[in-house]
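Hi there,

Here is the structure I promised to pass on to you. Have a look at it first, and my notes follow below.

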Amino acid sequence: MGKASRASFGMALAEFGTDPRVVILDADLSKSTKSADFGNKFPDRFFNVGITEAGMIGTAAGLALCGKIPFCCSFACFVTGRYDQIRVSVGYTNANVRIVGTHAGVAIGEDGYSQQGLEDIATVRSLPNMTILQPADHLETVAAVKYLIQEHQGPVYLRLTRQNLNEVHSEGYTFQFGQADRLQEGSDLTIIATGGVVGSALYAAKALAEKGVQADVLNIHTIRPIDRESIVESAARTGRVVTVEDHSIVGGLGSAVAEVLSEEQPTRLLRIGMTEYGESGSPEDLYQKFGLNGPGVLAKIESWLEA
Amino acid sequence: MSSGNQNASCCSCHPTPDIDQLKELCRLMRIDIIKMLHKAGSGHPGGSLSAVEMIVALYFHHLRHNPKEPLWQDRDRFVLSKGHAVPVQYAALARAGYFDPALLDTLRTLGSPLQGHPDRLRCPGIEASTGALGQGLSIAVGMAMAAKLDQRDYRVFCMLGDGESQEGQVWESALNAPTFKLNNLCAILDWNLGQLDGLVADIQPIEPVAEKWAAFNWHVVEIDGNDIEQCLAALQEADRTTDRPTMIISRTIKGKGVSFMENDIPAWHGVAPNKDQTEAALQELQG
C-alpha cells in the first residue's frame with residue numbers, strides 16, 4: 001500500500017515550497033492535512049489561523065492579490081463549507097488561491113458524517129473559473145502540487161484522501177493538466193474513476209477482464225475542466241459508461257460525465273458513489289456497506305450489465 | 001524610496017492638508033453620490049453618504065497611491081468591506097483620476113465597470129471584490145501579511161459597516177490580525193447605526209463595540225467620522241501604532257448631508273432617491 005494523498009501533499013509542499021511565493025494557511029488541522037510538513041521546514045511562511053476557516057479563505061485571497069501562492073488547508077467538508085467565501089473572495093475575485101480539502105469521502109471512517117467530505121466537489125464545481133484536481137496516488141499528487149506551484153494561475157480546489165492509496169502509476173509518470181489517463185484499454189465498457197477509488201475501479205476492470213469483458217479505464221485527476229474529448233471518444237467506442245467516486249453522485253464526477261455525455265454522446269450511464277449521508281465505521285466496513293471497494297464496484301457493474 | 005512612490009499623486013508626505021479643499025471635495029462627492037444613485041435607480045445612499053469624510057481623508061490625503069498606475073506594487077491598499085457603499089468609492093476614484101467621471105452615470109448598467117458592488121476585475125482602483133458582508137477584513141489581513149512577508153511598507157485599510165459587524169467572519173479576522181502582529185493594518189468601522197431592516201440597536205446590537213475590539217487586542221480610536229480633521233488625525237494615529245492593528249470607530253450619520261435621509265435612517269439604507277427627492281437633496285448640498 002502506498003501513501004495517503006495528504007501525505008504526498010505534505011512531502012510535495014516541503015519539496016516545491018522553496019518558492020518564496022508559497023504561503024500555507026491551516027485551520028488547526030495541520031497535523032492531519034500534513035501541511036505541518038511545510039510548516040516545519042518553512043515556519044516563516046506557515047500560518048496556523050486557528051479554527052477560523054472563513055477568515056482563512058479570505059486571508060488566502062488577500063495574500064494571492066499581493067502576489068503570493070497561498071494554499072489554505074482543512075478537511076474537505078469544512079473548507080468547502082465556507083462556500084460564500086470561496087464564491088466571492090476567491091472565485092469572483094479570480095484570486096490565485098489553492099483550496100485544499102483533505103479527508104475526502106466516506107473513507108475517513110470512524111469520525112462519521114460531519115467530518116466526511118461528500119458534497120465538496122458539488123459545491124465548488126459550479127464556479128466558472130474553479131479548477132478541481134483529485135489525484136489518485138503518490139506520483140500524481142506530487143506532480144499536481146508541483147504544477148499548482150510552478151504553472152497554474154487561478155482558483156483551485158485540491159481534494160485529497162486520509163487513507164493510504166495503492167500506486168496507480170509507475171515511475172516516469174507525467175502529469176498532464178486537464179487530461180484523463182487511460183489505465184487500461186478496452187472496448188466493451190468505459191469505467192471513469194477519480195481519487196481514492198481508482199483502485200476499486202481497476203480491481204473491477206481486472207475481474208471483468210477475466211470474464212471476457214474488456215473495460216476502458218480512465219483516471220480523471222482534473223475534474224474541472226474535465227477532459228470531454230477522452231470521455232466522448234471512449235463512450236463512442238464502448239457504448240456503456242460507469243463512473244466511480246467517493247463523493248455524492250450529485251454534483252461530482254458522475255454528474256460531470258453525465259453532462260458531457262448527454263450533450264455530446266448520449267450513452268448508458270451508471271454512477272457509483274454516495275447517495276446518502278455517511279456514518280461511523282472502519283473505512284473497510286464503510287466501503288463494504290456503500291459498495292465502494294473493489295468487489296462492491298464489480299458487483300454494481302455486473303448487475304447493471306445484466307439489467 | 002521606490003521610483004513608483006515618487007509618482008504617487010496623493011500621499012501622507014503632504015504635512016498640512018488643505019482642510020477647506022477636502023471639505024469641498026466631501027460636498028462634491030455627496031452630490032456625485034446622489035446623482036449616480038438617482039440615475040441608477042437603485043443602490044445604497046445612506047451608507048455611502050455616511051462614509052464620505054473618511055473616504056476623502058484616505059484617497060485625497062492619507063493613502064499612498066497612483067491613479068495612473070493602479071497596480072503599483074507599493075501602493076497602500078484600501079478594501080471596502082461594506083461593498084454596498086461603493087458609490088462613495090467610485091466618486092473618489094473618479095475624482096482622483098482612476099477613470100473618466102462620466103462613467104459615474106453608468107453605475108449598475110450592463111457592461112459598466114461600476115458594478116452594483118465592487119469588482120476588482122472590472123474597475124481600476126478596486127482592490128477586492130466585496131459585497132458579501134464580512135469578507136473584506138479577512139482579505140485585508142492577507143494583504144497585510146503579504147506586506148510583512150515581502151518586507152514592504154505599504155499599509156492596508158479596510159472599512160466595515162456596523163450591521164456587517166454582525167457577521168461571524170469579522171470576528172475571525174479580529175482574532176487573526178493581532179495574532180500575526182499586523183501593525184500595518186487599519187480597520188475603520190463606519191458606525192452609522194442603520195442596517196437594511198432598521199436600526200442595528202434594535203435588530204442585533206453590537207455595542208459595546210469599542211470594548212469588543214480592544215478586548216480582541218486592537219488599538220482603538222473613537223472619532224466623529226463626519227469630521228474630516230478627526231478622520232485625518234485618527235489615520236495618523238494608526239500609523240503611529242506599531243505594536244498592533246488599529247480599529248478606528250468612526251461615528252457617522254447615515255445619509256449625512258441630506259436632512260431627510262439623516263432623519264429617517266432605516267428608510268435610506270438601500271433605496272435610491274426619486275426625481276423630487278434628488279432635487280431636494282441637491283438643493284441642500286448645492287445650497
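Which residues are buried in helix H12 (residues 283-290) of chain A? They are Pro283(A), Leu286(A), Tyr287(A) and Phe290(A), where buried means under 20% relative accessible area, exposed over 50%, and partly exposed in between (1.4 Å probe, protein chains only). Looking down the axis of H12(A), the buried residues fall within an arc of 100°, so they line one face of the helix; the arc is that of the directions from the helix axis to the C-beta atoms. An α-helix has 3.6 residues a turn, so residues three or four places apart point the same way.

Before going further, some ground rules. This is a predicted model, in which local features need pLDDT of at least 70 and side-chain atom pairs count only at pLDDT 80 or more, while totals for chains, interfaces and linings use all residues. Residues are numbered from 1 along each chain as its sequence is written, chains are lettered from A and ligands numbered from 1 in the order in which they are written, and side-chain values use heavy atoms, with hydrogens and water left out. Helices (H or I, at least four residues) and strands (E, at least two) are DSSP runs, numbered from the N terminus.

Back to H12(A). The face turned away from its buried side carries the exposed residues Glu284(A), Asp285(A) and Gln288(A). The cover over the buried residues of H12(A) includes strand S11 (240-248), strand S12 (268-274) and helix H13 (294-306) of chain A, with contact meaning heavy atoms within 4.5 Å. Just after H12(A), Gly291(A) takes a positive phi of about 70°.

Tyr287(A) turns up again at the largest pocket. That pocket holds about 410 Å³ of space. It is lined by 20 residues, and the closest to its centre are Met1(A), Gln163(A), Asn164(A), Gly196(A) and Tyr287(A). Helix H9 (198-210) and H12 of chain A are the elements that give two or more residues to the lining, and H9(A) has the largest share, four residues. (On a 1 Å grid over the protein atoms alone, a pocket is an open set of points where a 1.4 Å probe fits, with protein on both sides within 12 Å along at least five of seven lines; lining residues have an atom within 4 Å of a point. Grid points are joined across faces, edges and corners, and the volume is the space filled by probe spheres set on the points.)

Now for the two chains together. In the interface, 26 residues of chain A are in contact with 26 residues of chain B. The area buried between them is about 2100 Å², of which carbon and sulfur atoms give 61%; buried area is the accessible area (1.4 Å probe) that two parts lose on being put together, summed over both. Leu65(A), Cys66(A) and Tyr92(A) supply 27% of the area that chain A buries against chain B, more than any other three residues. Gln85(A), in helix H6 (residues 83-92) of chain A, is buried, with a relative accessible area of 10%. Leaving aside neighbours within four places in sequence, Gln85(A) is in contact with residues including Ala54(A), Gln135(B) and Gln169(B).

Finally, some backbone details. The peptide bond from Arg224(A) to Pro225(A) is cis, with omega near -5°, and another cis bond joins Glu207(B) and Pro208(B), with omega about 0°. Lys181(B) is not a glycine, yet has a positive phi of about 55°; Lys181(B) is exposed, with a relative accessible area of 59%.

Best wishes
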